[in-house]
Amino acid sequence: MTKFVGKITIAEILIWIFLILVLLFTIVPTLFMFVSSFMDSKQILAMPFHWIPSKDYFTSSDRTFFTNFHRAIMGNNADPVFFRNLVNSLVVAITDSVTTVLLASLCGYGLAKFRFRGRNFVFISIMATMMIPFEAIMIPLYMVASSFKMINTYRGLIIPFMVSAFGVFQMRQYLLTFPSEYIDAARVDGLPEPGIYARIVLPNCKPVIATLGILSFRNQWDNLLWPLLVAQSEKMKTIPLYITKFSEEKMTDEGAMMACALLASIPMFILFFTLSRYFLGGAAVYDSRKG
């Protein structure tokens, strides 16, 4: 039998311990990256690891508080291509996130709320594409992009990922739970379908839109394989390519590599904490429906 400790059961205590361990397991690497970005290689590789840099580290004549960040941005050639690569990643990730949300929500809305012949076949066909690994279509996709002269352009980086099968699936599953009475009432009032989509469907899909937007942004922000094929010039490369090249150039400068990784993580942190309230709101709605 479950014993009670005051008003808290042993099972709840074990759950809290498990959640705390999971939290530590996920947050410690991020904390290590942040702390190490202000250290040199000697302090990073020291055993045991000291989470606070020593005082003599910052009093050294050739070391300032932001030395690692300066090296991360300038690289070996003192050419701040980092900012151009950062802009490239932002353009690609934001564009693909917006188009994925719009196109997936349109497709999901049609598959969830419209009845037509072959609807299930269309949905199953879209889901079947999720079973095909990207490596299997990478070369044919590259040949198509090359034939349309999209190599080393924003078009080549953006167009192949403007919509995803997972996004269609996620939007459809969410809209299946959306009350059809609201849509029927809007149709009775004479609101056209584009107006129903823009004024009724989208405003009530904020939790799933935020989730899909963050996942799409992260996928493109971390995408390495496709930009490695398409982005051939230094000015068209993205952040993952910059980090890969930087780690090869700075093999012995772990502090600068940690600073580079931290700088590349900042947009994801900003995006998540900006949209985190929609995750909490979506969880509250789900919990109230379940109750």
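Reader: Leaving aside residues up to four places away in sequence, which residues does Asn 223 touch?

Author: In this predicted model, Asn 223 touches Phe 161, Thr 238 and Pro 240 when residues up to four places away in sequence are not counted. Each of these is called a contact because heavy atoms of the two residues lie within 4.5 Å. Asn 223 itself is found in the loop between H12 and helix H13, which covers 225–230.

Reader: Why is Asn 223 called buried?

Author: The word is used for a relative accessible area under 20%, and Asn 223 has a relative accessibility of 13%, so Asn 223 counts as buried.

Reader: What makes a space in the protein a cavity, and how many cavities of 30 Å³ or more are there?

Author: A space is called a cavity because a 1.4 Å probe fits there but cannot get out. By this rule the count comes to 1 cavity of 30 Å³ or more, and about 40 Å³ of space lies in the largest cavity. Asn 223 belongs to its lining, along with Val 92, Leu 157, Phe 161, Gln 220, Trp 226, Pro 227 and Thr 238.

Reader: How are the residues of that lining divided into nonpolar, polar and charged?

Author: The lining of the largest cavity has 5 nonpolar residues, 3 polar ones and no charged ones. Val, Leu, Phe, Trp and Pro count as nonpolar, and Val 92, Leu 157, Phe 161, Trp 226 and Pro 227 are among the lining residues.

Reader: What is the volume of the largest pocket, and which residues are closest to its centre?

Author: The largest pocket has a volume of about 690 Å³. Of the 21 residues that line this pocket, the closest to its centre are Pro 160, Phe 161, Val 163, Ser 164 and Ala 165. A pocket, unlike a cavity, is an open set of points.

Reader: Which helices supply at least two residues each to the lining of the largest pocket?

Author: They are helix H7 (134–147), helix H9 (165–176) and helix H12 (206–221), and the largest share, 5 residues, comes from H12. The lining of the largest pocket divides into 14 nonpolar and 7 polar residues, with no charged ones.

Reader: Why does Ser 36 count as buried?

Author: The cut-off is again under 20% relative accessible area, and Ser 36 stands at 0% relative accessibility, so Ser 36 counts as buried. Ser 36 is found in helix H1, residues 10–36, and touches Ile 44, Phe 49, Asn 68, Gly 255 and Met 258, not counting residues up to four places away in sequence.

Reader: How do you know that the side chain of Ser 36 makes a polar contact with Phe 32?

Author: The side chain of Ser 36 reaches the backbone oxygen of Phe 32 at 2.7 Å. A polar contact needs a pair of N or O atoms within 3.5 Å, one able to donate a hydrogen and the other to accept it, so the 2.7 Å distance lies within that limit.

Reader: Which residues of helix H4 are buried?

Author: In helix H4, residues 67–74, the buried residues are Thr 67, Asn 68, Phe 69, Ala 72 and Ile 73. Asn 68 is also one of the residues that Ser 36 touches. After H4 comes Gly 75, whose phi is positive, near 70°.

Reader: What is the predictor's confidence in the protein chain?

Author: The mean pLDDT of the protein chain is 83, and 86% of its residues reach 70 or more. Over residues 282–291 the pLDDT is below 50, and this stretch has 2 contacts in the model beyond near neighbours in sequence.

Methods
Residues numbered from 1 in each chain as written. Predicted model: local features only at pLDDT ≥ 70, side-chain atom pairs only at ≥ 80, totals over all residues. Heavy atoms only, no water. 1 Å grid on protein atoms, 1.4 Å probe; cavity = no way out; pocket = protein on both sides within 12 Å on 5 of 7 lines; lining within 4 Å. Points joined across faces, edges and corners; volume = space filled by probe spheres on them. Helix = DSSP H or I, 4+ residues; strand = E, 2+ residues; numbered from the N terminus. Buried < 20%, exposed > 50% of the residue type's maximum accessible area, 1.4 Å probe, protein only. pLDDT = per-residue confidence, 0-100.
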